[in-house]
Amino acid sequence: MNNIIKAGDCKESLREISSSSVDLVYLDPPFFTQRTQSLKTRDNSGEYSFCDSWDSIQDYCIYIKERLFECKRVLKETGSIFLHCDKTASHYIRVLLDELFGMDNFQSEIIWHYRRWSNAKKGLLNSHQTIFFYSKSKEFKFNHIFDDYSPTTNIDQIFQKRVRDTHGKTTYKVAENGDYELMTGKRGVPLSDVWYIPYLNPKARERVGYPTQKPLILLEQLIKLVTDEGDVVLDPFCGSGTTLVAAKILGRNYIGFDISEDAIQLVKKRLENPVRTESNLLKNGEQAYINQDVDIFRILCELDAVPVQRNKGIDGFLKIDDEVKPVPIKIQRKDESVEVAKNLLERASSKNKFLCKILIKTNENHDISLFDLSEDNTIIVEQVEDFIAHKQDVVREYLGEREGYLYG
Ligand SMILES: C[S@@+](CC[C@H](N)C(=O)[O-])C[C@H]1O[C@@H](n2cnc3c(N)ncnc32)[C@H](O)[C@@H]1O
């Protein structure tokens, strides 16, 4: 079949698609945020936006339901639908999906979890969105995906076959020669319904500057789960075309609609040259980023500091209290002179207006007093044990002497 990309209201465009012809519908409609979503293009020359303001939640539900009705019609009996939403209206949408697809065809509520750093508002930090997964029938296509075992899993036990004893309790199966019998075909842990996938960072290569653009990795995982090569994937609210790009990369056919002509132009361009950002965090695992030297890490722990990874000039940040801005710490390495360590700290801090910085000397005696109030705002610590015991007072006293800086 030919791939289709079309501008217009998906309610109308969906009517042009034959019944029972699509393997997967993924939809990421407006979330009922009651505002216009907008974002500057990558080169700052323009702006993409779409309206997400409604008269009432009832109006919103009618709008979603009318389009879901068409989505169901175009799905094959073996097909599945994934609806992406967030906490704003997920409870209403789940009821709509139950009504249309039947509660029996509800498969999963996928939680897309990501990390965010913000302490701007009162309440818990939002760090997930929801994707409802319904099948059209019990005969839906499903490809198993396996995750790695967690580092704490006892792999040797996982690989041992189990049997039930006469009391119904499970025990390890023992072969005739007395050894435990091993399993074959254990491929990892079946994919769960909580997916940790980083949010696209502002500098990600695949970011095109479209508001609410989703990461390709997320769409690739959904597509792999319920389709095979050559199958048809449809996204009625395709925005920047993430679903279509993922489908193309994976050798699936694609159909995409969006009400915005600008979005459709962007999709066409994106499909000509698909760009995908590798997530190093996902590829290498979090442990790979913990590269602190053990001794340095120990000092940071004793200081109750937050460690910083992959930074030559700053090893961590000291926690003073909520009102004092973060204080960077550098711990002198065995092969570093105090001057070199101090310069590295200076350079790493140059773009930030830190109230003070701390350099912990670990070797090379110098004629510097215990907490040297040097010309710049670096406190040089000679006796780390003393400093650990009095760090709050030392920093507060230092900041207090620099009037105007305290709590600045
Ligand atoms: C949340 S965004 C989709 C973002 C997309 N998943 C991505 O990764 O770029 C929702 C999109 O729905 C589009 N839209 C809103 N109403 C529509 C309608 N009735 N028919 C088709 N598209 C619509 C908006 O223009 C917007 O691009």
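Of the contacts in the protein between residues with a separation of 6 or more, 63% join residues 24 or more positions apart, where contact means heavy atoms within 4.5 Å. The structure is a predicted model, in which local features need pLDDT of at least 70 and side-chain atom pairs count only at pLDDT 80 or more, while totals for chains, interfaces and linings use all residues. Residues are numbered from 1 along each chain as its sequence is written, and side-chain values use heavy atoms, with hydrogens and water left out.

The secondary structure comes to 11 helices and 20 strands; helices (H or I, at least four residues) and strands (E, at least two) are DSSP runs, numbered from the N terminus. Of the 408 residues, 43% are buried. Here buried means under 20% relative accessible area, exposed over 50%, and partly exposed in between (1.4 Å probe, protein chains only).

Eight strands form an open sheet with mixed pairing, in the order β1-β14-β13-β2-β5-β7-β6-β12; two strands pair if DSSP finds at least two bridges between them. The edges are taken by β1 (4-7) and β12 (194-196), each with a single partner strand, so one side of each has no neighbour in the sheet. On average, neighbouring strands are turned by 15 degrees against each other, direction ignored. Within the sheet, β2 and β13 pair in the parallel sense over two bridges, and leucine 24 stands opposite valine 233 in β13.

Helices lie across these strands. α2 lies across β2, β5 and β13, running at about 150 degrees to β5. Helix α5 (residues 216-226) lies across β2, β5, β6 (106-113), β7, β12 and β13, and runs at about 150 degrees to β2. For these angles, axes are lines fitted to C-alpha atoms, for helices over the stretch in contact, and angles run from 0 to 180 degrees between N-to-C directions.

Next comes the nonpolar interior. A nonpolar core is a set of buried Ala, Val, Leu, Ile, Met, Phe, Trp, Tyr and Cys residues joined through side-chain atoms within 4.5 Å. The largest has 32 residues, and those with the most contacts inside it are Val22, Val25, Leu68, Ile81 and Leu234. Elements giving two or more residues to this core include α1 (10-15), β2 (22-27), α2 (57-74) and β5 (75-85). The most comes from α2, with seven residues. Leaving aside residues up to four places away in sequence, leucine 68 touches Leu27, Ile81, Leu83, Leu96, Leu97 and Leu100. Apart from this core lies another, of 30 residues, among them Trp112, Leu218, Leu219 and Val226.

Helix α6 (residues 242-249) is largely enclosed by the rest of the structure, because six of its eight residues are buried. These are Thr242, Thr243, Leu244, Val245, Ala246 and Ala247, and they pack against β1, β2, α5, β13, β14 and α7 (261-272).

Finally, some loop residues deserve a look. Most residues other than glycine have a negative phi. Serine 20, in the loop between α1 and β2, has a positive phi near 50 degrees and is partly exposed, with a relative accessible area of 40%. Aspartate 304, in the loop between α9 (294-302) and β15 (306-307), has a positive phi near 55 degrees and is also partly exposed, at 41%.
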